[in-house]
Amino acid sequence: MMGAATGTGVPAAVSDGVPGDVRGVLFDIDDTLVDLEFSMTSALRDVSEHLLPGLDQAGWDKFGRIFTHETTHFYDRYLAGQITFNEQRLLRGRAALGHFGVELDDGEQAHHWVSSYASRQHGYIRAFDDVTPLLDALDSAGIPYGAVSNNVHDYQRIKLDAAGLERIGILIGTDTVGVAKPDPAIYLEGVRRLGTAAADTLYVGDNRLLDAEGSTAAGLRGIWLNRGAEAAPDFQGREIGSLLDVLAVLA
């Protein structure tokens, strides 16, 4: 059940103080707090336009989908320790370019593409509009919060700071405890850092399996942030469309 909105656009359940028995909130980062898809697709176009002259908008949309959504198995290999972060990035780029008949040469061309993409992406990093109002409300209510991510701590620290989210001081990365989501240990380390109990802690993220279901299996209160209104008729957990709904959907 959604809470009524206040004049500030923040749900009443948030503005009225501490909601229910929640004592802490943990967030995923990419495409939950930070609009990673925007930064990725913007940087991809910057570094690839010379390789794909004349590609129309539909083509660029397809290019972005391949890189961001259809090649995540390469990122899974990175999480498993099989390849490096830059290797998974290059493999995803090659898959997207290859769809349009372009091959990146080994060596200097590949290195230049990866390094250029990395530097450009950083400049496009931004937080979603609903992040600051929610964090302001949590601060006002005295509810501690942090982030748990399936990437390494230092890389995600730079990303949060670039997005203007320096106030998120608690950050757990895959290298913090040596495991990735959905291993319970990574969520529970976030809980430990907050100083709360798992049952009193929300975990909010855009990935239904890793964030909502994974955190729930670890004993937290998982919430799926479904910004795109993706259909998932079999999902039985809590679902929201905006971070402003987070504290208004408590059972």
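Buried here means under 20% relative accessible area, exposed means over 50%, and partly exposed is in between, with a 1.4 Å probe and protein chains only.

First, the ground rules. This is a predicted model, where local features need pLDDT of at least 70, side-chain atom pairs count only at pLDDT 80 or more, and totals for chains, interfaces and linings use all residues. Residues are numbered from 1 along each chain as its sequence is written, and side-chain values use heavy atoms, without hydrogens or water.

Now the overall picture. The protein chain carries 11 helices and six strands. Those are DSSP runs, numbered from the N terminus: helices are H or I with at least four residues, strands are E with at least two. The C-alpha trace spans about 55 × 40 × 35 Å along its principal axes. How does the radius of gyration sit against a compact globule? For 251 residues the globule value would be near 18 Å, and the chain has 19 Å, which agrees. That radius is taken over C-alpha atoms, and the rule is 2.2 Å times the number of residues to the power 0.38.

On to surface and burial. Of the 251 residues, 49% count as buried. The accessible surface comes to about 11500 Å², and carbon and sulfur atoms own 51% of it. Those areas are Shrake-Rupley, with a 1.4 Å probe, and for residues only the protein chains shown count as cover.

Charges next. There are 20 positive and 36 negative ones, and their mean positions are 2 Å apart. Lys and Arg count as positive, Asp and Glu as negative; His and the chain ends are not counted. Each charge is placed at NZ of Lys, CZ of Arg, CG of Asp or CD of Glu.

Contacts. A contact means heavy atoms within 4.5 Å. Among contacts between residues at least 6 apart in sequence, 62% join residues at least 24 apart.

In soluble globular proteins, nonpolar side chains tend to be buried together. A nonpolar core here is a set of buried Ala, Val, Leu, Ile, Met, Phe, Trp, Tyr and Cys residues joined through side-chain atoms within 4.5 Å. The largest has 29 residues, and Val25, Phe27, Leu33, Leu138, Leu165, Val204 and Leu243 touch the most other members. Elements giving two or more residues to this core are strands E1 (24-27), E2 (145-148), E4 (201-205) and E5 (221-225), plus helix H7 (131-141). H7 gives the most, with five residues. Apart from this core lies another, of 21 residues, among them Ala43, Ile66, Leu90 and Val114.

Leu33 sits in the loop between E1 and H2. Is Leu33 buried or exposed? Leu33 is buried, because its relative accessible area is 0%. Outside four places in sequence, Leu33 contacts residues including Phe27, Arg126, Phe128, Leu165 and Leu243.

Backbone geometry now. Most residues other than glycine have a negative phi, and most peptide bonds are trans. Where does this model depart? A cis peptide bond joins Lys181 and Pro182, with omega about 15°. Pro182 is in the loop between helix H9 (174-177) and helix H10 (184-194). Asp31 is not a glycine, yet has a positive phi of about 65°. Asp31 belongs to the loop between E1 and helix H2 (36-48). Ala229 also has a positive phi, near 55°. Ala229 lies in the loop between E5 and strand E6 (238-240). Ala229 is exposed, because its relative accessible area is 63%.

Pro184 is in helix H10. Pro184 is partly exposed, at 39% relative accessible area. Pro184 and Gln82 are 102 residues apart in sequence and 22 Å apart in space, C-alpha to C-alpha.

Asp105 is in the loop between helix H5 (85-99) and helix H6 (108-123). At 48% relative accessibility, Asp105 is partly exposed. Setting aside neighbours within four places, Asp105 contacts Arg94 and Ala110. How far is Asp105 from Ala199, C-alpha to C-alpha? They are separated by 51 Å, and are 94 residues apart along the chain.

Ala218 lies in the loop between helix H11 (208-217) and E5. Ala218 is buried, with a relative accessible area of 13%. Neighbours within four places aside, Ala218 is in contact with Pro184, Tyr187, Leu188 and Ala198. Ala218 and Glu230 are 12 residues apart along the chain, and their C-alpha atoms are separated by 24 Å.
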